[in-house]
Structure formats: C-alpha cells, structure tokens
Amino acid sequence: MEKIKLHGFNNLTKTLSFNLYDVSYTKTVSDRKAYIEYIDEEYNAPKLTSILENVTQIIGANILNIAVQDYDPQGASVTILICEESQPPAHHPYNLNPSVVGHLDKSHITVHTYPEYHPDNGVCTFRADIDVSTCGEISPLMALNYLIDSFDADIMTIDYKVRGFTRDIKGNKLFIDHDITSIQNYIEQEFLNVYQMIDVNVYQENTFHTKCKVRNFQLEDYLFNLKEENLNEKDTKKITNRLKNEIDEIFYGRNLPTLY
C-alpha cells in the first residue's frame, strides 16, 4: 500500500468487536455444573490475559496497564491499556505506514466471558466478548485470525468500525487509511472453509459486520461427558435438534420454532 503522508499523527480509531459462542450438551445437572467449571478454568483471567498479550504483540502495540478479574460463581474480565509502537511487525501482511509521529495511549483491549446453561434442555453456552480498539495506524484486523484460532468457536459475530478522521499534508480529511470491502478479506482461507458467513456492511460509514457459524455439524463435538455411541436413535435426534436450534438462534439473533 502506498504510504500516506499525514499532517501530524493519525487520529483514526479502529475497533474490532469479536463475539464468540461455544455450544455443548450436558445430560445431567451435575454435568452442567462440571461444564461451567471446565469453561471457567479453561478461560480464566490468566489464560485470557495471555491471549490479549499476544494480540497486543501481533498488532504491534505496547502494553501500558493490565487489569484482571475472575468472578464468582463464574466468568472473567481482562482489560489492557495499550499504546502504539513506532514500528508494526514488518513481516505482517497488514503492515501499514510504519512511520509514526506520536504515541497514543487511548487504545485498549478487553475481554469478558459469560458461561451459562438452559434450565431444562441440557444446552450450555459459553460466550466471550473481545474488543480491540486502536488509535493511529495499527489495526486490530491483524489479530483476527489469531483470535479465531484461539477459541475454536461454533458461532462468531465480528464487527469492525473506523471512526473519526485524520488529515493529509494538504489538510484533506481521511476517514479511512486502508482498503476493505469485507471483514472476510482478512480471514484466512482455512477458516473461510470452516464457517458459513454472512456480511452486513455499511460502506459509506466504514462499518463492517460478519456473522459466522460452523458449516459441518458433528454431534460428538458437542457432547460433554457423553458419547454418541451411548445414545439411542430418539435421543440422538432430540439432542441434535436442540443443539442446531441453539446455534441457529444465536446466528440469526432471534428465537426460532423448536424442532424437538
């Protein structure tokens, strides 16, 4: 990409909101409790902190401060305040203009987790909300594939927004400093093959939205403390319909007629 000559430093704010969902089926109340405990341990504050620290490194930023919190009975939050480095990673394909005039300290990365379960039908859902907001030339899109790979989610809702403006050396306003027509442009092919994706974009507002759900449903992947081979035909159909219903409701953002 041709280097953009700016008047002063880059004032653009770029925000990536990455919401993911993991769905499982538990047969008993004790299994539901065990699932929640498993998720709470698997994605506790130290683990989430490590993921966000890696995100910071990938996008080419410096950590200024970290705040972490585990919650009772479950859930965790991590907030990292970051500033822009003077040199994004040269090897990265999304390396924009490496010349930085000023360092900004108004950027942040946050994650919040929400494990929960249905009171009656055995479906458990883990949700994580991650926001990566940067000021200047570095972009959170650089960490998108790492985040997808880190969580192996069943459903993802991804939003990307560029706000504000900066000026070139002639004083003209620049409302975006990189080319993008879809978030999918920045998702690696291996993940494009795994997920069905739908875009809802508002190009004139530099707002991009992509929803993703897994293409191939394998019941065994969704059973917690339970084997598919131990289920009869009736239970297999009932559990499959419950899980597919949950995935579709999250993907489409509305309650749907039950299939069981």
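Analyst: Rings of Phe, Tyr and Trp (its six-membered ring) form a pair if their centres lie within 6.5 Å, and planes under 30 degrees apart count as stacked, over 60 as edge-to-face and the rest as tilted. The structure shown here is a predicted model, in which local features need pLDDT of at least 70 and side-chain atom pairs count only at pLDDT 80 or more, whereas totals for chains, interfaces and linings use all residues. Residues are numbered from 1 along each chain as its sequence is written, and side-chain values use heavy atoms, with hydrogens and water left out.

User: How many aromatic pairs does the structure hold, and which residues do ring pairs link into a cluster?

Analyst: The structure holds nine aromatic pairs, and a cluster linked by ring pairs is made up of Tyr35, Tyr38 and Phe224.

User: Which rings have a charged residue over them?

Analyst: A charge is said to sit over a ring if NZ of Lys or CZ of Arg is within 6 Å of the ring centre and within 35 degrees of the ring normal. In this model Arg127 lies over the face of Tyr114, 4.1 Å from the ring centre, and the charged end of Lys173 sits over the ring of Phe165, at 5.5 Å from its centre.

User: How many helices and strands does the protein chain have, and what share of its residues is buried?

Analyst: Helices (H or I, at least four residues) and strands (E, at least two) are DSSP runs numbered from the N terminus, and the protein chain has five helices and ten strands. A residue counts as buried under 20% relative accessible area, as exposed over 50% and as partly exposed in between, with a 1.4 Å probe and protein chains only; of the 260 residues of the protein chain, 50% are buried by this rule.

User: What should I look for in the nonpolar core, and which residues have the most contacts inside it?

Analyst: In soluble globular proteins, nonpolar side chains tend to be buried together. A nonpolar core is a set of buried Ala, Val, Leu, Ile, Met, Phe, Trp, Tyr and Cys residues joined through side-chain atoms within 4.5 Å. The largest such core here has 66 residues, and those with the most contacts inside it are Phe18, Ile59, Leu144, Phe151, Met156, Ile158 and Ile187. If neighbours within four places in sequence are left aside, Ile187 is in contact (heavy atoms within 4.5 Å) with residues including Leu144, Ile148, Ile158 and Met197.

User: Where does Val23 lie, and which residues does it contact beyond its sequence neighbours?

Analyst: Val23 belongs to strand E1 (residues 13–25), and it counts as buried because its relative accessible area is 1%. Beyond four places in sequence, the contacts of Val23 include Val123, Cys124, Thr125, Tyr222 and Leu243. Val23 and Arg127 are 104 residues apart in sequence, yet their C-alpha atoms are 8.9 Å apart in space.
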